[in-house]
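Here is a friendly walk through one model, with the cut-offs given along the way. Have the viewer ready.

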Amino acid sequence: MDFYTQLFLYVSILYISLYLLFLVFRKKSSVPNLPPGKKGWPIIGESPAFVGAAKSGCPEKFINDRTAKYSPDVFRTSLLGEDMAVFCGAAGNKFLFSGQNKYITTWWPTSMKKVAIFPETMEKFNKDDPKKMRSFLPEFLKPEALQCYIPIMDSMTREHMESDWSPYKEVKVFPLTKNYTFALACRLFMNIKDPKVVSKFADPFARIAPGFTSVPINVPGTPFNKAVEGGKVIRQELLNIIRQRKQEISEGKDANARDLLTRLLTEADDDGSVYYEMDTSNKIIGLLIASHDTTSTSITVIVNYLASLPHIYEKVYKEQMEIAKSKTPGELLNWDDIQKMKYSWNVACESMRLTPPAQGSFREAITDFTFAGYTIPKGWKTFWTVYTTHKNPKYFPNPEKFDPSRFEGNGPAPFTYVPFGGGPRMCPGKEYARLEILIFMHNLVTKFKLEKVNRDEKIIYNPSPVPSNGLLIRLQPLN
């Protein structure tokens, strides 16, 4: 082999080697800087650890362990079969709350859709549906519209106390509040007053929530299977009610009805067509889930703290009795009365800080974006959670102490107290929940002193906080 041939071979080998190194380097440099963390087991990911921490009564452990190990800003995991970026702290909350339709969009886990949504509408259940619903709800749930419902709420709460609390020396709070909040939601959202009709919904509805975060294996006896079967019953009952209501509307009955169902059936959506029956059912079910489960658990944890902390109860009692004494016999609460319940609402807020009614919410990345130096790829799911701020001493000094004064004045720093979300994505039902909670507190403390029977009763999360024995409370009637 002559000199020039050897030189050509050497140069060629060198060139090819350098080119291959270039390709390898370019490939490595093009790999996004993903958030630190791990995906866990194939398919199920870290879902067992996530659910296990919740059922042990310490859901924040899953979050705290990973923020300490990986990053206080954002970490990677796999939940519900999806690559997931968990955003942390006030900055993470703010980013997600303000990034809707810019970086992220609404996302429902498949397990939730299979439970709550008609299979026939699954493909049509797109990301615009929640947006349309959110544009419609504020009109129904804004304070001015809700004011007219305060007397109805107060009247139903009095009836509930009279029938389900007053005859007994001891009551289990959680099942009672679930029945109460569900009956109230049926009345205000669908104008359903018949207890028999309400019970047709309530029984299967109780099976839905535990199936949302369970492993989606539809085998008889599993939580997911029970939720799916419960969803079928609810959807059929709703269809029957919707068809009956449509007939009443066509016949001109209840022309002045102001409930949400009637409005959904009579007002057109964005493309000018009336909501279809199944679409209407999907939306009502979503609203019932959002309003019923979270509010009933909120009321339960508030009662838990009132029964456990006599000095807090006394201050709430004093505030509520001043309002009660200003009323004539039989006079119902009104908007001005609600505005006077400032300390009571601070107590409610502190209860929801320590024991939040919901853990957080999911979204889906609609484009690649960067947060805290890490890339979140398009298609990944995101999760914000109350547990990165609510008990963080950085935002709430001495975080385990029950201290309603945290909410005086301007209250907590923005995006640190987030039981209702925040920013443009603030829960549209916040004011509805506030009214329901305060009216219940008023009727409870002006009628009973409370004593917690089992002071060591554990709270588990399934996925909302649930007292392991229903929260047994001893009642002492007040004159």
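## An exposed isoleucine

Ile43 is exposed, at 76% relative accessible area (exposed means over 50%, buried under 20%, with a 1.4 Å probe and protein chains only). It sits in the loop between helix H1 (3-30) and helix H2 (47-55); helices (H or I, at least four residues) and strands (E, at least two) are DSSP runs numbered from the N terminus.

## About the model

This is a predicted model, where local features need pLDDT of at least 70 and side-chain atom pairs count only at pLDDT 80 or more, while totals for chains, interfaces and linings use all residues. Residues are numbered from 1 along each chain, and side-chain values use heavy atoms, leaving out hydrogens and water.

## The sheet

Five strands make an open, mixed sheet in the order S1-S2-S8-S5-S3 (two strands pair if DSSP finds at least two bridges between them). At its edges are strand S1 (74-79) and strand S3 (104-106), each pairing on one side only.

S8 (residues 381-385) pairs with strand S5 (residues 360-365) in the antiparallel sense over five bridges. Glu364 has Lys381 as its bridge partner, and Phe362 has Phe383. With S2, S8 pairs in the parallel sense over four bridges, and Val86 stands opposite Phe383.
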